[in-house]
Amino acid sequence: MSFFNRFRAAKVMESVYDREYAAILEQDYDALLRLTPRKEQALTALAQEDVTPDELGNLKKLAIRNQRLLEATSKGIKSVTDRLTALKENKTGFQTYGPRGKVAQMERKPLTIKRNS
């Protein structure tokens, strides 16, 4: 393999990781799915070529960066889902802080208006 092919494969993979990072930040999950075939091609090309330890180290940093961001995103989505589930299940009220800073139970009250006859 020539120097230019090796350089190209590492740069393509770096570009894929950067595009993946941008898609995660923009919450563009469709773009992540569209990047999957390109990522597979780039990884296949890297596996077939001689890549320097510096190039591999840089790619590893980018992969770890993206993995951490994806894990944080997943954790956030799960937290929101759990909170929405808890709110749906708790139809009687919710807890809040009272005037003195202590936890207080807030009961739900009907939103109907009673007419005086």
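Start by selecting Asn-66, which lies in helix H3, spanning residues 53-89. The model is predicted. With a relative accessible area of 1%, Asn-66 is buried, because the cut-off for that label is under 20%.

Next, show the side chain of Asn-66 together with the backbone of Tyr-17. The Asn-66 side chain reaches the backbone oxygen of Tyr-17 at 3.0 Å. Apart from neighbours within four places in sequence, its contacts are Tyr-17, Glu-20, Tyr-21 and Ile-24.

Keep Tyr-17 selected and move to the core. Which residues make up the largest nonpolar core? Select Ala-9, Ala-10, Val-12, Met-13, Val-16, Tyr-17, Ala-42, Leu-46, Val-51, Leu-59 and Leu-62, 11 residues in all. Colour by element here: helix H1 (3-25), helix H2 (29-47) and H3 each give two or more residues to this core. H1 supplies the largest share, with 6 residues.

Within that core, centre on Ala-9. Leaving out neighbours within four places in sequence, Ala-9 is in contact with Ala-45, Leu-46 and Glu-49. Of these, Leu-46 is also listed in the core.

Finally, zoom out to the whole chain. The protein has 3 helices and 2 strands, and along the sequence they follow the pattern α-α-α-β-β. Of its 117 residues, 19% count as buried. Among contacts with a separation of 6 or more, 56% join residues 24 or more positions apart. With the surface displayed, the protein exposes about 9800 Å², of which carbon and sulfur atoms supply 55%.

Note on methods:
Residues numbered from 1 in each chain as written. Predicted model: local features only at pLDDT ≥ 70, side-chain atom pairs only at ≥ 80, totals over all residues. Heavy atoms only, no water. Helix = DSSP H or I, 4+ residues; strand = E, 2+ residues; numbered from the N terminus. Buried < 20%, exposed > 50% of the residue type's maximum accessible area, 1.4 Å probe, protein only. Polar contact = N/O pair within 3.5 Å; in protein donor to acceptor, adjacent residues only side chain to side chain. Contact = heavy atoms within 4.5 Å. Core = buried A, V, L, I, M, F, W, Y, C linked by side-chain atoms within 4.5 Å. Areas by Shrake-Rupley, 256 points an atom, 1.4 Å probe, with all protein chains shown as cover.
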